[in-house]
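Biologist: I would like to go through this model with you step by step, and I will ask about one feature at a time.

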Amino acid sequence: MSKQQGAAPAIGVDTTDPTPPYEQVRRQVIALIASGHLGPDDRLPPVRQLANDLGLAAGTVARSYRELEQDGWVRTKRGGGTRVGPSPPSAAVQSAALADLTSTFVQRARFLGADDASIVTHLQQAL
Amino acid sequence: MTQSPLWGFLLLYRRADTRCKKRLKSSPNRAAAQKDRHIDVRTSPPLLLLLLVGAGLGSILAVRRMRSVVSTNGPSVDLRQQAGRSTRWSLAGLVGGLVGALIISRWDPLGRGVLLAAPLFGLVVLVSVCLGETTARISWTSHRQASLLTRRVREYLPTRLTTAVIIATTTLTISLIGATFAGSTDDLGRAGRSLTVTCLNGVTNGSGPWPGWFYAGPLLALTGLGAAAAAVALFAIVRRSRPGYHHSGQVDDADPTTTADDDLRRRSARTVVAASGVAVAIPLGGVTTFGAIALIGIECLPLAGRVVQYGWIAVIPLSTILLGWSAMTLVGDGIAAVAERWRTPIQ
């Protein structure tokens with residue numbers, strides 16, 4: 001993403017969350033690409049910039065980027081940084097990512113003490 | 001050409017230098033006379049006048065930039081602390097650089113210390129800025145957010161001053177490499193400290209001091225170190241943690257904290273470029289002045305040599321303007337930063 005004024009796509013990390021930070025970053029980037037907030041060829045920030053802004057080790061963000069690249073969500077060129085891939089990965093991979101996100105949501109909702117009916121109600125409200 | 005003020009300045013200098021040389025030869029104490037000669041060079045009134053005019057023109061350019069004073073009176077304590085940290089390190093760098101420059105300027109009676117003083121000053125400032133950025137501290141909370149906007153070095157650089165510094169650095173490097181190849185040993189066997197040309201009639205013309213390897217070697221080494229330090233400092237400025245997001249819980253790149261943080265980065269980048277400008281402008285002025293003077297002393301100089309001579313003469317006033325511009329940018333930003341600290345103390 002190049003510099004522009006106004007709200008910008010962002011990701012957050014919760015250090016109290018049992019999910020490892022690299023996984024949190026990976027999932028949020030996938031969600032941003034899948035929702036269209038990040039388009040093809042949009043540039044992701046350098047590993048060190050994102051790591052410093054999130055207070056994480058550079059290796060943590062590097063692992064997220066590496067896994068995103070392995071799944072085909074982003075591509076990295078020497079000197080060109082990390083960019084969103086020209087076309088999103090196959091539907092199966094997208095479906096797997098969605099299932100992954102849903103699983104995380106349900107897991108965290110149950111951790112808060114919510115029952116199935118309450119989870120479905122809140123999900124429907126969000127939709 | 002002899003009616004040109006600059007040409008007149010060089011001829012005036014040449015006459016003074018020749019008188020010094022004669023005194024040097026006739027003096028029973030060569031070392032004392034040599035010292036006198038260097039004092040003459042440094043206190044030459046036309047040179048001082050040129051420096052003043054250059055500094056004045058440069059100041060006009062610098063003052064136009066001073067209007068964008070960084071405002072760190074935002075909601076983030078982290079940002080105000082970082083502003084204070086950057087200011088302290090920059091001022092420490094300025095003071096340390098000046099002390100270092102004074103010490104090294106006394107190192108070599110043949111002028112290498114004076115020549116290296118400005119690059120050393122710049123290097124100390126650059127290292128200080130780098131330390132100010134890399135020691136940034138953020139009071140992290142458990143929930144942190146970061147924008148996915150990529151910060152680039154060029155977004156924070158002062159365009160015109162950066163262009164001028166890059167051109168000056170390139171000119172200095174090319175001049176030093178060229179002078180190294182053209183130079184020859186002087187009467188005491190010092191490599192590249194003299195320029196020797198054999199005329200068609202077989203008479204050999206020698207002139208010096210020449211900015212050959214004797215001067216170019218240490219200057220190129222220090223300039224290279226300075227360029228590397230500037231690159232490291234600029235990347236440190238860009239990659240420093242962005243304060244504010246984890247407090248507000250929102251990511252808006254137009255909010256006051258983000259804008260103030262960008263202003264702070266811009267000021268640090270300006271300090272880096274201005275320090276590099278000072279580090280390059282003074283040796284560039286010295287190299288071109290002494291090089292041009294040495295070339296004037298060669299009677300049968302080929303056309304290419306004359307072209308270089310006129311080119312160097314043209315560079316002298318430009319280097320003084322760059323010096324004034326860079327120095328006033330450094331001073332102006334220093335004053336603005338200190339004033340800002342007084343107005344908005346950290347709570």
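This is a predicted model: local features need pLDDT of at least 70, side-chain atom pairs count only at pLDDT 80 or more; totals for chains, interfaces and linings use all residues.

Biologist: Which residue of S1(B) does Ile11(A) stand opposite?

Modeller: Residues are numbered from 1 along each chain as its sequence is written, chains are lettered from A and ligands numbered from 1 in the order in which they are written, and side-chain values use heavy atoms, with hydrogens and water left out. Strand S1 (residues 10-14) of chain A runs antiparallel to S1(B) and is joined to it by 5 bridges, where strands are DSSP runs of E with at least two residues, helices are runs of H or I with at least four, both numbered from the N terminus, and two strands pair if DSSP finds at least two bridges between them. Within S1(B), the residue opposite Ile11(A) is Ala146(B).

Biologist: How many of the 5 residues of strand S1 of chain B are buried?

Modeller: Buried means under 20% relative accessible area, exposed means over 50%, and partly exposed lies in between (1.4 Å probe, protein chains only). Strand S1 of chain B, residues 143-147, is mostly covered, and the number of buried residues is 4.

Biologist: In which helix is Val53(B) found, and what is its relative accessible area?

Modeller: Val53(B) is found in helix H3 (residues 45-65) of chain B. Val53(B) counts as partly exposed because its relative accessible area is 49%.

Biologist: Which element of chain B has the highest mean pLDDT?

Modeller: Chain B averages a pLDDT of 80, and 76% of the residues score at least 70. Over residues 30-43 of chain B, however, pLDDT stays under 50. Helix H2 (residues 30-42) of chain B has the lowest mean among the elements of that chain, 44, whereas the highest, 95, belongs to helix H6 (residues 159-182) of chain B.

How values were computed
pLDDT is the predictor's confidence in each residue, from 0 to 100. Contact means heavy atoms within 4.5 Å.
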